[in-house]
Amino acid sequence: VLCVHAERSRSLFDIEHNADSKMRNCAGAMGMGAGRITVRRTFNSISVFRNWRTDSDVKSARLTVSPTSLCGCAMEEAAPFLYSVSPMADRLRLESLGRKSDVATDIRAPKSPRDSLLQVTYPLSRDELLKNSVTDFSNWSSFRLGKFYEVVDALTADVSYRHCGDIHGVDTTLVTAGHYHSRKLQRTSLAEDLTVRSYVTSVGTSSMEVRTDAIQQVDGGETLVNVCHTVMVALDKDSGKPFGKVGRSIPDLLLDAEDDHGRLELANQHNKIRRRRAVEIMQLRSPISHPPTQEEFDELHRLHQDRRAALDCGDEASLPLRVEDYTFRSSTVIFPESRNVHGKLFGGFVMEESEKLAQYTARFFAGGRPVVPLGIDEALFHQPIAIGDCVTFTARLIQSTGFACRVLVMVETRDPADPSRVPQRSNRLMFVYGG
């Protein structure tokens, strides 16, 4: 299952650049072994990586704001979600655009991306304690990628509540469906302040996409360092059902600037990619689950034959690397300090812990050499995690080329009140690292 699922879960880098390309990857699972794979569009040369890193669609679609139009906000009031989960909240600076005060609180009024925009700044240039709390092993990435996803998870929630006109969640519950299409575009300098800016890019009846950019000032201008897109789902607080099933809808998105249409088009492309993945998925627990194709069966059969032939000849040295040799697990019990405003485990905690284990797996595969975090294909949230549960993270390196590798992290929970119940899968995350 893991072999073919790694193939089916098409990489962001393949789909966005070539919708018809197919990755034929059978990453050695169940003893069939194969860990080194050739992928058509995954950094097989420096020029391909440079083209990906300077993708004009992603960079040109970001929302820029004038510093003079920003005004400071009290985090406890304007971003209660971030305030409740960030231990460094008092060291960060929160800002929004100086818009009409009634726009963010009117639950019926359509809103533009600027009405609900929030940005938080890390004063890394002058706060040594804050800098140490986010520093990574790698000299290239510097700012720990897991810390970026931690603030993404919280800030997107606050932006979504602002767009819905229900900042404190009186009759609306917003949950994270997943983080997608995330890229690490530039090196983060710890000598410069880092600004994380979140804003809505598209809305539907029950869901919306929120984009988050990490920005630093370089040579007097803004440089895009990281980008991540998040899908939030709006639930009715009383029934727990999506808005569309109870006759409610998320406020419309006003496209009052020319560049808003470019972001909407990019969001529509993301939605098509997610729908395509859902159709082609091969997860046994999913309502839609396609069996391996004949071509995939043939490849698995060939791998098995090659492995048997090598074993019969005693030539074990020529066998490909196996996924099980690059599989690592960690477990932790969830305590109240990690809960969000809904009383469940904060999703940023899952993102950070998963990224730490995934990065270690990639470094182990690279023989201890530094690895560069390039982003995530997707991070799916299947169900919430309760306080007191035991959470197990399992990281597997399932794909590699000469320049990049992908690490799949599965997150499972166990309820101590029901010890006979099998562990429940709560999250599935796919990280991408470069050498």
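1. Strand S2 (residues 93–97) and strand S3 run antiparallel and are joined by three bridges. Strands and helices here are DSSP runs numbered from the N terminus, a strand (E) having at least two residues and a helix (H or I) at least four; two strands pair if DSSP finds at least two bridges between them. Glu-95 has Gln-119 in S3 as its bridge partner.

2. The model is predicted: local features need pLDDT of at least 70 and side-chain atom pairs count only at pLDDT 80 or more, while totals for chains, interfaces and linings use all residues. Residues are numbered from 1 along each chain as its sequence is written, and side-chain values use heavy atoms, with hydrogens and water left out.

3. S3 also pairs with strand S5 (residues 194–203), in the antiparallel sense and over five bridges. Here Gln-119 stands opposite Arg-197 of S5.

4. S3 covers residues 118–122, and five of its five residues are buried (under 20% relative accessible area; exposed is over 50% and partly exposed lies in between, with a 1.4 Å probe and protein chains only). Leu-118, Val-120 and Tyr-122 point one way from the strand, and Gln-119 and Thr-121 point the other way. The residues on both sides are buried.

5. The structure holds nine aromatic pairs. Rings of Phe, Tyr and Trp (its six-membered ring) pair if their centres lie within 6.5 Å; planes under 30 degrees apart count as stacked, over 60 as edge-to-face and the rest as tilted. One of the pairs is that of Phe-328 and Tyr-360, edge-to-face at 5.2 Å centre to centre with 85° between the planes. This pair links distant parts of the chain, with Phe-328 in strand S8 (residues 327–333) and Tyr-360 in helix H11 (residues 347–365), 32 residues apart.

6. Tyr-360 also pairs with Phe-364: the ring centres are 6.2 Å apart and the planes are at 40°, so this pair is tilted. The two residues are separated by about one helical turn because they are four residues apart in helix H11. Tyr-360 is partly exposed, with a relative accessible area of 39%, and Phe-364 is partly exposed at 41%.

7. Phe-328, Tyr-360 and Phe-364 belong to one aromatic cluster, which also includes Tyr-326 and Phe-365.

8. Arg-274 lies over the face of Tyr-180, at 5.0 Å from the ring centre. For a charge to sit over a ring, NZ of Lys or CZ of Arg must be within 6 Å of the ring centre and within 35 degrees of the ring normal.
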